[in-house]
Amino acid sequence: MEKIQDELNKQLFDNLINFLRQSHSEFQTESTEWMCRMKSSEIPTAALVLGVNVTDHDLTFKSLSEVLQDSITPYVVSLQAKECPGIKHLLQKLMGQLMNCYVDVDDSEEEECVNISQKKMRCSMASLSQWYKDVTKKSGFETSSKKRTSSSRHWQSPPIVVIFKDMESFTTKVLQDFIVISSQHIHEIPLVLIFGIATSPMIIHRLLPHSVSSLLCIELFQSLSCKEHMATVIDKLLLTTQFPFKLSEKVLQVLINIFLYHDFSVQNFIKGFQLSVVEHFYSQPLSVLCCQLQEAKKRINSLSHNQCENIRSLPSFRRYVESQVSEKQIALLTEDNFLKEVTQTLLEDLNSYHENYFPVLRCLHVFTSSLPKYPLGKQIRELHCACLGKRVWETEEYGSAVQLMRMLAKAELVAILQKCVEIFTSSSGKQFSNTIEKMEEFLTRFQNLEVAETNDIQDVSVSSQNELQKKTDLYHLQKTLLELKESKRSKKLTKFEMLRFEVVDFIESLVRSYLTPAEMQTLNEVVYFNTANTLREHLNAAPRIALHTALNNPYCYLKNQTLKSDVGCISNTAPDICIAYKLHLECGRLINLVDWLEAFSTVVTAVEGKDLDSTATDQMDEIIHARFIRAVSELELLGFIKPSKQKTDHVARLTWGGC
């Protein structure tokens, strides 16, 4: 997954590195363009638009920082708005992070020249400028002395890169002050800013007045949208035979719905996928066979009797046994060795099913992704979910798609067939040689059809001219029109239409042969995780129900035997907030605090065999009163009650129905 992330961000990071190299080279060579910038105090600034999936930004900036530190500069600072409420805090954070960005030099001299205490140094741009001169001077001396260390991968005067992770959250004054101060020292420090933007680049001009934004030399960089990112992750992780683990239709739909309707976070989708892997290998005893085919065959031979019984208990295997003759049924249910041989064959069939399924799925998607209104979905994940759940060829959407496919133009059809040939050629399926030959034959026939149509058009033009010459009177004209009308009623299909029907029928035969639902495959439970409810419970939290359960039955979470109580009873051993919560459930819209306190005190002091004197009783009442106030405050904080304006000694209840 990390490899996929790196591939997706590679182009963006390469563009940013080129931008930094160009800015830094201009600073080093002191070219005319850089001198112009310096005179006008412009700071090289990269506006990095990452999209609304804010939860993914941290990982992107972390990867970016690592790439920059490996190839450009050791001085990379990441700032967040919550850590920089003022310019003083921003400079402290900036200096603090730079103090840890040492250039690797000899240990004996590192502390002497580089490791400067932040407390002793005044946090200002002048101090930063002096620190930068000292560090780069020391680094240049070490490099000239040919003491090659890891710092040699950086330049002699590496730039200082300041990343504002969430630019929209920074206050206008902090940004303005920092930019104005930095512009005055840009001729001393090769400073480069990177603005992380979640919304639109226009936010820069909304936050900064023209007098400040004119101090920036801004270049815009756009990352992949979260939907494109998501499509790539699904394509690399799920629509491939490289990984044996698969998600069922319901589980995949849960993850996609959370992505589309909650946070647009690809990282959360990946975490959901990882949770599915953990749940599958934890809850499914036969997940030991969810591995590469050769390894699975070796593991089958070492299965125990109990594991063989687990195979026999699978619903898909039961259906398979019922479809066999009686002698084979007996052997499958009684002989472990015979069962292991059959299991190996069934796993080979399941592997072949996946090798054939994905190329045909991609081929069908090429046909349907360009149809009007997208009856089978615009994204391949939608088509994949439709094929996993049921026989897709029996749905109304598929029927509509086929009708539209029979109306495709020749150029579109030829282009689609060429893409399908490429898909099948690059696939690992062994049964597609005939399919490729058939599609290439279709392409050849389309080419021959173009030549034949050209000749037919020339012949028709000559004959039409002769017909027009014959139409000299009204009788012949009426007769010709009637003949044309009759010919339209009994119109015969052209050669192109017949060939188009053949192509669509051929694609339909592939769909019916290879896109059968995964649930129909024997031993699909071994590789498919299908417990969508478990995943939904973990990922779709219901905090109100969880709070009610915790307050109404604390034993459910604390697992303390003393907290066990009968239904409807209030135990005095429960936490104070639980006692107050249960008592408030018995009240109406307005709760009298005095009555509530008395009931709370009655429950708390319900301890057998305790006789206290008056002084001890008064002290106990004060303690109980304090505990009650704290419990009521906690319930108010959780949103169960609020102060009432109608009566000062009452509170209003906000929740009903127990949860």
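Modeller: Let's start with a term: a cavity is a set of grid points where a 1.4 Å probe fits but cannot get out. Keep in mind that this is a predicted model.

Biologist: Okay, how many cavities of 30 Å³ or more does the count give?

Modeller: The general idea is that rolling a probe the size of a water molecule over the atoms shows where empty space is left. Here the count comes to 4 cavities of 30 Å³ or more, and the largest cavity holds about 60 Å³ of space.

Biologist: Which residues line the largest cavity?

Modeller: Leu-238, Lys-246, Leu-247, Tyr-357, Phe-358, His-384, Leu-388 and Tyr-528 do. Strand E6 (246–247), H17 and helix H18 (380–389) each give two or more residues to that lining. By type, the lining splits into 6 nonpolar, 1 polar and 1 charged.

Biologist: And what does Leu-247 touch, leaving out residues up to four places away in sequence?

Modeller: Its contacts are Leu-238, Leu-252, Leu-255, Phe-273, Ser-276, Leu-388, Tyr-528 and Phe-529.

Biologist: How many residues are in the largest nonpolar core?

Modeller: In soluble globular proteins, nonpolar side chains tend to be buried together. In this model the largest such core has 97 residues, and Leu-247, Phe-269 and Phe-317 are among those with the most contacts inside it. Helix H17 (residues 336–368) gives the most to this core, with 14 residues. There's also a second, separate core of 41 residues, including Val-49, Val-77, Val-212 and Leu-215.

How values were computed
Residues numbered from 1 in each chain as written. Predicted model: local features only at pLDDT ≥ 70, side-chain atom pairs only at ≥ 80, totals over all residues. Heavy atoms only, no water. Core = buried A, V, L, I, M, F, W, Y, C linked by side-chain atoms within 4.5 Å. Buried < 20%, exposed > 50% of the residue type's maximum accessible area, 1.4 Å probe, protein only. Helix = DSSP H or I, 4+ residues; strand = E, 2+ residues; numbered from the N terminus. Contact = heavy atoms within 4.5 Å. 1 Å grid on protein atoms, 1.4 Å probe; cavity = no way out; pocket = protein on both sides within 12 Å on 5 of 7 lines; lining within 4 Å. Points joined across faces, edges and corners; volume = space filled by probe spheres on them. Nonpolar A, V, L, I, M, F, W, Y, C, P; charged D, E, K, R; others polar.
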